[in-house]
Amino acid sequence: LRCKMCGQVDGVDNAHNSCGALKGPLPIESIKPCINELTSLKNVYLCGGEPLLYSEIIPLLEYLQKKKLRFSFSTNGLLLKRFAPAIVDTQVSQIFVSIDSHNEKIHDAIRGKEGAFKTSLLALDRVFDERKKRGSKKPRVNAQFTITPDNYRSLINYYDFFAGEFPEIASIIFHFPRFATRAMGEEYMRI
C-alpha cells in the first residue's frame with residue numbers, strides 16, 4: 001500500500017514520510033527468547049507495518065498462544081481473509097482493522113490501492129464467519145479510522161455505516177496519524 005499518512009512501506013525510498021532505514025524481518029527464532037525472557041509478560045501487540053506480511057506470522061501466533069499470552073494486532077485488512085481461520089484458531093485477542101472511510105473511493109485513495117475497501121470488508125465478513133463456525137468470540141474486531149484531511153468530514157457517516165453493516169464490531173476507533181518526528185506531523189497538518 002501507499003497510505004498517505006504512513007511511513008511503513010517496502011523501502012525507505014518509497015516512504016514519503018519515513019525518517020529512517022527499514023530493517024529486514026526478525027526471524028521467529030530471535031523473537032522466542034525475548035518472549036521467554038519476559039516472564040511477567042501478559043499482553044503482546046504486534047505492529048510495525050502490516051503484521052500479516054510477516055512470513056512467520058502463523059508460527060508466531062501459535063507460539064504466543066502456547067505461552068498463554070493475550071495478543072492483538074492492527075491490519076489494513078488486505079490479507080485478513082486468507083489468515084482468518086488461523087487468527088480465530090489461535091485465539092488472537094483483538095484485531096484492529098484500519099479502514100479510513102465508509103466511502104470506497106475515499107478509502108482506496110487514502111490507501112493508494114484500488115479495491116482495498118472491498119477486500120477489507122470481505123475480510124471482516126470472513127473473520128465473523130470463522131468465529132461463528134467455531135463458536136468463538138475471539139478475536140474482538142475493531143474498526144480503526146485514521147483522521148486525515150481527506151476523510152475528517154465523514155466521521156458520523158463512517159460510524160453509522162460500520163455500526164449498521166457490522167454489528168459484531170466491538171469498537172470504532174478514531175485517531176490522528178502518528179509521526180516519527182514533530183516536523184513530520186507539522187508538515188502533514190499543512191496538507
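The axes themselves are lines fitted to C-alpha atoms, for helices over the stretch in contact, and the angles run from 0 to 180 degrees between N-to-C directions. This is a predicted model, in which local features need pLDDT of at least 70 and side-chain atom pairs count only at pLDDT 80 or more, while totals for chains, interfaces and linings use all residues. Residues are numbered from 1 along each chain as its sequence is written, and side-chain values use heavy atoms, with hydrogens and water left out.

Helices (H or I, at least four residues) and strands (E, at least two) are DSSP runs, numbered from the N terminus.

| Helix pair | Angle between axes | Distance between axes |
|---|---|---|
| α2 (residues 57–66) and α3 | about 15 degrees | 10 Å |
| α3 (residues 80–89) and α5 | about 30 degrees | 9 Å |

With that angle, α3 is roughly parallel to α5, and α2 and α3 are therefore roughly parallel to each other as well. A crossing is left-handed if the near helix is turned anticlockwise from the far one by less than a right angle, and right-handed if clockwise; α3 passes α5 in a right-handed crossing, and the crossing of α2 and α3 is right-handed too.

Contact means heavy atoms within 4.5 Å. On the α2 side, I57, I58, L61 and Q65 of α2 meet F83, A86, I87 and D89 of α3, and the residues of this contact divide into six nonpolar, one polar and one charged. Here Ala, Val, Leu, Ile, Met, Phe, Trp, Tyr, Cys and Pro count as nonpolar, Asp, Glu, Lys and Arg as charged, and the others, Gly among them, as polar. On the α5 side, L80, K81, A84, P85, V88 and D89 of α3 meet A123, R126, V127, E130, R131 and R134 of α5, and the residues of that contact comprise six nonpolar, no polar and six charged.

Buried means under 20% relative accessible area, exposed over 50%, and partly exposed in between (1.4 Å probe, protein chains only). The buried residues of α3 are L80, F83, A84, P85, I87 and V88, and they pack against α2, β2 (70–75), β3 and α5. Just after α3, Q91 takes a positive phi of about 60 degrees.

A nonpolar core is a set of buried Ala, Val, Leu, Ile, Met, Phe, Trp, Tyr and Cys residues joined through side-chain atoms within 4.5 Å. The largest such core has 38 residues, of which I87, I95 and L124 touch the most other members; its largest share, six residues, comes from helix α5 (residues 116–134). Beyond its neighbours within four places in sequence, I87 is in contact with L52, L61, F73, L80, V92, I95 and P139.

F96 lies in strand β3 (residues 94–98) and, at 13% relative accessibility, counts as buried. Its C-alpha atom is separated by 8.8 Å from that of I173, 77 residues apart along the chain. Leaving aside neighbours within four places in sequence, F96 is in contact with Y45, S72, F73, S74, T75, N142, Q144 and I173.

Q94 is also found in strand β3 and is buried, with a relative accessible area of 16%. Q94 and R70 are 24 residues apart in sequence and 8.7 Å apart in space, C-alpha to C-alpha. With neighbours within four places in sequence again set aside, Q94 is in contact with R70, F71, S72, F73, P139, R140 and N142.

Technical notes
Angles under 35 degrees count as roughly parallel, over 145 as roughly antiparallel, 65 to 115 as roughly perpendicular and the rest as oblique.
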